[in-house]
Amino acid sequence: MQKRKLSFWEIWNMTFGFLGIQMGFALQNANASRILQVFGAEVEHLSWFWIVAPVTGLIVQPIIGYYSDRTWTKLGRRRPFFLTGGILAAIGLVLMPNADLFTAIMPSLWVGAGMLMIMDASFNVAMEPFRALVADNLPSDQRTLGFSIQTVLIGIGAVVGSWLPYVLTNWFGFSNRAAEGEIPLNLLLSFIIGAVVLIVSILITVFTTKEYSPEELEHFHAQEDKTGDIVPDEEKSKITDIFTDFVKMPHTMRQLSWVQFFSWFGLFGMWVFATPAIAHHIYGLPLSDSSSETYQDAGDWVGILFGVYNAVSAVFAFFLPVIAKKVGRKKTHIISLLIGGAGLLSIYVMPDENWVILSMIGVGVAWASILAMPYAILAGAIPPRKMGVYMGIFNFFIVVPQIINALIGGPMVKYLYGGDPIYALMMSGVAFIIAAILTLRIDDVDEEVSSNATN
């Protein structure tokens with residue numbers, strides 16, 4: 001018995017929940033700094049508030065991966081986790097922009113930061129079981145397609161989430177103005193809509209997707225062991241063995257870790273500092289301005305820019321399997337990261353906000369590859385019995401660079417860049433280029449096995 005090849009629409013439904021997850025994630029990425037500044041955060045302190053997000057991911061992801069490998073309920077193996085994560089994330093989406101309602105308990109700035117932590121922890125609960133589900137349900141030769149379709153849905157969700165505040169204001173007339181210290185109506189409505197879409201999209205996956213039973217998965221694992229493609233370690237039974245698995249991670253995963261480190265160091269810098277950088281460098285506003293009408297316009301435009309790179313990633317993801325088949329997954333990732341790095345560096349010389357769209361096209365190419373290629377390479381290099389826990393451990397190399405950037409990013413802006421956050425975006429571009437160079441060292445196990453089989 002072999003894993004059944006799924007149709008396009010079966011794979012689409014299996015990953016559809018990621019549309020809602022990424023819509024919520026995009027609302028957070030494009031607007032969290034803006035909301036925190038409205039509540040009183042200084043530019044150089046923004047990265048410190050954002051540190052709660054990767055720290056929760058560092059703790060949550062491996063634990064969720066471990067337990068999702070060992071869970072079987074009426075809903076299946078992975079589905080209970082991303083359903084629970086989706087519900088909690090939706091609650092965070094509703095509460096974060098309404099943090100000023102809790103000022104009787106503590107300052108709204110701290111409530112907003114707390115909601116950011118809840119949202120990111122919940123997104124982490126949902127994301128990695130979704131990625132593990134793709135590896136569980138698809139045969140090796142469909143994994144690149146599966147992660148690419150997932151990237152398409154991530155792109156669509158992110159475009160909608162990023163553009164929603166702008167659309168609500170410019171198409172439907174909802175105000176993006178508010179008194180100092182208050183969140184505009186268009187943002188409030190955007191987060192509520194994002195919460196609803198998140199729940200609905202995850203429910204579509206839950207009710208349309210069937211998971212293999214533990215007995216079927218055990219049979220598939222035994223087949224993979226027999227072929228010699230993967231030799232799994234002895235089944236672990238203690239959660240503390242996550243640390244042992246970390247030490248014994250496969251060679252390809254170690255190589256990918258450095259690529260992920262610099263990729264996500266760059267992404268975090270872009271997410272945190274894009275709004276103040278665009279408002280100051282492109283719109284010409286003083287760094288102290290976080291409430292004027294022009295600042296709100298700049299914040300809405302950053303949402304458009306983030307939507308552009310996500311739209312490009314959604315389109316480019318359709319071509320990733322074809323490109324990877326012709327030139328290999330490594331070269332595909334290298335080229336994509338170089339294009340993304342050039343895009344971020346080009347922001348410095350763009351004459352106005354419209355030209356920055358061109359920069360974001362390059363970022364979108366890199367984003368599509370970052371969301372697909374490393375996972376497609378990783379899935380063929382790790383023990384299938386520990387797919388969930390290793391996907392969770394792999395998240396270390398996503399959150400650790402974000403934590404480091406969160407700790408040093410603000411001080412670098414203040415003391416190294418003279419308070420100008422545009423240089424944080426330049427550093428993100430350099431990080432992408434370093435990641436591209438490090439990709440040259442990766443051994444792609446699946447492609448090597450396929451090449452040997454062909455020869």
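Start with how the chain connects to itself: of its contacts with a separation of 6 or more, 84% are between residues 24 or more positions apart. Keep in mind that this is a predicted model.

**The chain overall**
- The secondary structure comes to 18 helices and zero strands.
- Of the 455 residues in the chain, 62% are buried.

**The largest nonpolar core**
- This core holds 124 residues, and the members touching the most other members are I21, L36, M253, W271, I347 and W367.
- Its top contributor is helix 14 (residues 356-379), which gives 16 residues.
- Both domain 1 (1-219) and domain 2 (244-445) supply at least three residues each to this core.
- Let's zoom in on I21: leaving out residues up to four places away in sequence, I21 touches F123, A126, M127, F130, L198 and I202.

**Helix 2 against helix 12**
- Now look at helix 2 (residues 17-38) and helix 12 (residues 293-327), whose axes come within 9 Å and cross at roughly 160°.
- An angle over 145 degrees counts as roughly antiparallel, so that is how helix 2 and helix 12 run relative to each other.
- The crossing of these two helices, helix 2 and helix 12, is right-handed.
- Which residues meet where helix 2 and helix 12 come together? On the helix 2 side they are N29, A30, R34, Q37 and V38, and on the helix 12 side they are Y295, Q296, G299, D300, G303 and F306.

Key. Residues are numbered from 1 along each chain as its sequence is written. This is a predicted model: local features need pLDDT of at least 70, side-chain atom pairs count only at pLDDT 80 or more; totals for chains, interfaces and linings use all residues. Side-chain values use heavy atoms; hydrogens and water are left out. A nonpolar core is a set of buried Ala, Val, Leu, Ile, Met, Phe, Trp, Tyr and Cys residues joined through side-chain atoms within 4.5 Å. Buried means under 20% relative accessible area, exposed over 50%, partly exposed in between (1.4 Å probe, protein chains only). Helices (H or I, at least four residues) and strands (E, at least two) are DSSP runs, numbered from the N terminus. Domain bounds come from an automatic or database domain assignment. Contact means heavy atoms within 4.5 Å. Axes are lines fitted to C-alpha atoms, for helices over the stretch in contact, and angles run from 0 to 180 degrees between N-to-C directions. Angles under 35 degrees count as roughly parallel, over 145 as roughly antiparallel, 65 to 115 as roughly perpendicular and the rest as oblique. A crossing is left-handed if the near helix is turned anticlockwise from the far one by less than a right angle, and right-handed if clockwise.
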